[in-house]
Amino acid sequence: MNLIIGQSEPVNRLKELIRQVVDTDLNILICGESGVGKELVARSLHAQSQRGNKPLVKVNCAALPGELLESELFGYEKGAFTGANMQKKGKFELAEKSTIFLDEIGDMSFALQAKLLQVLQDSVFSRVGGVEDVQVDAWVIAATHHDLEFDVQNGKFREDLYYRLNMIKIVVPPLRDRKEDIPLLCKHFMRQHKGLAKGRSVVLGRELEDLFQEYNWPGNIRELENFIKRLMVFGDSGPLCKELNMKIKNSDGSKTFSETWVPDKSALDAILADCRADMKRGFPSLKSISKKSIAVIEGMVIEEALKRTDGNRKQAAELLQISYKALLYKIKDYGVMIPGQLPPE
Ligand SMILES: Nc1ncnc2c1ncn2[C@@H]1O[C@H](COP(=O)(O)OP(=O)(O)OP(=O)(O)O)[C@@H](O)[C@H]1O
Ligand SMILES: [Mg+2]
């Protein structure tokens, strides 16, 4: 059974939302950082639905290149390509009267997105190399850790497909927003992986419990589960406390950096607009594009590093892990503003 462990408010809300949307047959998009439990949510949705007595059909859209993924999803006819010696059903057909879980949908190629859109609109498709329409009744649940709205804006994900998939959006919260669930999760994982302890009794210990509350969990529940697995194997929380202490020390800096830095995306938009303008004349060279993009991104990061060091270029160079001389060159080259100084001529 796919149990979502947790009694925090965000998890209770998540469970309630799952109850509400089960059996609506509306397409569902599950979003959230890596390791938050997106697949678990998909499995719970399926298990609680009327379709739950049939197996859930999972496809990892990031694992296969475009053409292979197309035949994996839609199947193929005999003779469709070399080696296609007989007709093969695709995952959509296998999910008839069941649920298809399209994991990592954000990584699907643009061309295949069009074919998927057709299935979502009309519930029909044709196998690769075939002409016959195949009707299908499958509940579609998709998941991604991408920011799909951002991908839509940047032309990487089809807007029409996004709206089709996004009939119901379920956002799975990161573990750092529901730390009160950690004790329950630990108990659950210790029970689940007790085989690893080979009969020894293992306890968490007060110090590790406290560190678990302090840590920010960038890898979310999967990271916590892996910690518990290692605890069960080693039976001693000492090395884990040491490791976590170090991670907390190191992650603090990056946390304040990443959480307070709001990059000015308009500069990147300008590059893309430039690119589009170039394309009217012909294709821009990749070299010139990478030069321009690197200059913009490096310039923004250097500006931020200078802000954080109150314009101290030596400290900024250390922060950026480049030499002082290289930093001076880049500041001049990109025309970066130094706090407290007049803009370069
Ligand atoms: N609330 C929860 N209760 C119990 N186990 C959980 C919970 N959330 C996640 N897990 C477990 O944590 C692990 C990671 O979850 P899952 O694979 O669903 O995450 P994900 O969001 O799909 O990750 P990724 O983005 O890396 O694919 C799994 O073993 C899952 O069973
Ligand atoms: Mg997953």
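The protein chain of this predicted model carries 49 positive and 48 negative side chains. Lys and Arg count as positive and Asp and Glu as negative, with His and the chain ends not counted. The centres of the two sets lie 4 Å apart, each charge being placed at NZ of Lys, CZ of Arg, CG of Asp or CD of Glu. Local features need pLDDT of at least 70, and side-chain atom pairs count only at pLDDT 80 or more, whereas totals for chains use all residues. Residues are numbered from 1 along each chain, and side-chain values use heavy atoms, without hydrogens and water.

The chain holds 15 helices and seven strands, taken as DSSP runs (H or I, at least four residues; E, at least two) and numbered from the N terminus. The C-alpha trace spans about 70 × 70 × 40 Å along its principal axes. Of the 345 residues, 40% are buried (under 20% relative accessible area, 1.4 Å probe, protein chains only).

A domain assignment, automatic or from a database, gives domain 1 (9-173), domain 2 (177-260) and domain 3 (265-334). The C-alpha centres of domain 1 and domain 2 are separated by 33 Å. Nine residues of domain 1 are in contact with nine residues of domain 2 (heavy atoms within 4.5 Å).

Helix α10 covers residues 220-234. Its 15 residues should span 21 Å at 1.5 Å a residue, and its end C-alpha atoms are 22 Å apart, which agrees. The expected span is 1.5 Å times one less than the number of residues. Buried residues of α10 include I221, L224, F227, I228 and L231. Just after α10, G235 adopts a positive phi of about 70 degrees.

How values were computed. Chains are lettered from A and ligands numbered from 1 in the order in which they are written. Buried means under 20% relative accessible area, exposed over 50%, partly exposed in between (1.4 Å probe, protein chains only).
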